[in-house]
Amino acid sequence: MEVFGVAGVLVGHPFDTVKVRLQVQSAEKPQYRGTLHCFQSIIKQESVLGLYKGLGSPLLGLTFINALVFGVQGNTLRALGRDSPLNQFVAGAAAGAIQCVICCPMELAKTRLQLQDAGAARAYRGSLHCLAHIYRREGLRGVNRGMASTLLRETPSFGVYFLSYDVLTRALGCEPGAPLLVPKLLLAGGTSGILSWLSTYPVDVVKSRLQADGLRGAPRYGGIADCARQSYRAEGWRVFTRGLASTLLRAFPVNAATFATVTVVLSYARGPEGAPAARGLAQPSSL
């Protein structure tokens, strides 16, 4: 199943790079006019490889995050005693919160690499070098920059994902042998991925800005509230939708294909008695 996760990262990472650049670009001197222009500019100035800056970070964190999310979500659901939509939300939220321990440093490295200049001007050679460099200069606090905003994003978004995926798969009758099973799973997975991102997207904008803060020049923000306040004053409410089009373009196909495949494989591997459990094992990729 890790193959499907890797495939999802490879397909989705260019959209994530565009999202991050749009989220943090200067309002006074914007470099990109929108999603398509950002894609074109990166390819023109940095080649296609520019879209894959920071790719090593989500690939490094993929296995550990999957293990944490699957373990915490499954154990929490069993501890709650009943597979209901509410319990799916609680179990998903718990899994989302716990995986931030790995997700936050990995996203910090990814963001810094996605934004750094190409060629000789680059400060980091890779994800691990980036984290080591930050640790030497700022200690553990620097490595965990953006942890609070990551928690605020991941906890409810994972809950929304598991809840919506559970509700949709139940409503659509996604059981092994059901007619049109794969299209139904594609719809459920893709829709759930979009809903999970929409539920906390403004927080993601703030998180990206906090993790990029100080990369070029002196730090500007004193925390989550200060970042949100300054961003709103400078650009209005639309600042909290920066990069949303790229995110949604990525969310539906990546979540749909990855989670439909995983659910089908798990359902048929476990047999009829394992089908209900397989419904709760798909997860959104935040990296």
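Leaving aside its neighbours within four places in sequence, which residues is Asn-87 in contact with? Asn-87 touches Leu-77, Leu-80 and Arg-82, where contact means heavy atoms within 4.5 Å. This is a predicted model, so local features need pLDDT of at least 70 and side-chain atom pairs count only at pLDDT 80 or more, while totals for chains, interfaces and linings use all residues. Residues are numbered from 1 along each chain as its sequence is written, and side-chain values use heavy atoms, with hydrogens and water left out.

**The chain overall**
- The chain holds 11 helices and zero strands; these are DSSP runs numbered from the N terminus, with helices being H or I of at least four residues and strands E of at least two.
- Of its 287 residues, 50% count as buried, and buried means under 20% relative accessible area, with exposed over 50% and partly exposed in between (1.4 Å probe, protein chains only).
- Among contacts between residues at least 6 apart in sequence, 75% join residues at least 24 apart.
- The accessible surface comes to about 13,000 Å², and 66% of that belongs to carbon and sulfur atoms; areas come from the Shrake-Rupley method with a 1.4 Å probe, and for residues only the protein chains shown count as cover.

**Around Asn-87**
- Asn-87 sits in helix α4, which covers residues 85-98.
- With a relative accessible area of 12%, Asn-87 is buried.

**Nonpolar cores**
- The largest nonpolar core has 13 residues, and those with the most contacts inside it are Val-69, Phe-162, Tyr-165 and Leu-185; such a core is a set of buried Ala, Val, Leu, Ile, Met, Phe, Trp, Tyr and Cys residues joined through side-chain atoms within 4.5 Å.
- Two or more residues of this core come from each of α3 (56-80), α7 (147-172) and α8 (181-212), and α7 gives the most, with four residues.
- Another core, of nine residues, lies apart from it and includes Tyr-124, Cys-130, Leu-131 and Ile-134.

**Aromatic rings**
- The whole structure has four aromatic pairs, meaning rings of Phe, Tyr and Trp (its six-membered ring) with centres within 6.5 Å; planes under 30 degrees apart count as stacked, over 60 as edge-to-face and the rest as tilted.
- Tyr-161 and Phe-162 make an edge-to-face pair, 5.9 Å centre to centre with 80° between the planes.
- Tyr-161 is buried at 0% relative accessibility, and Phe-162 is buried at 2%.
- Tyr-161, Phe-162 and Tyr-165 form one aromatic cluster.
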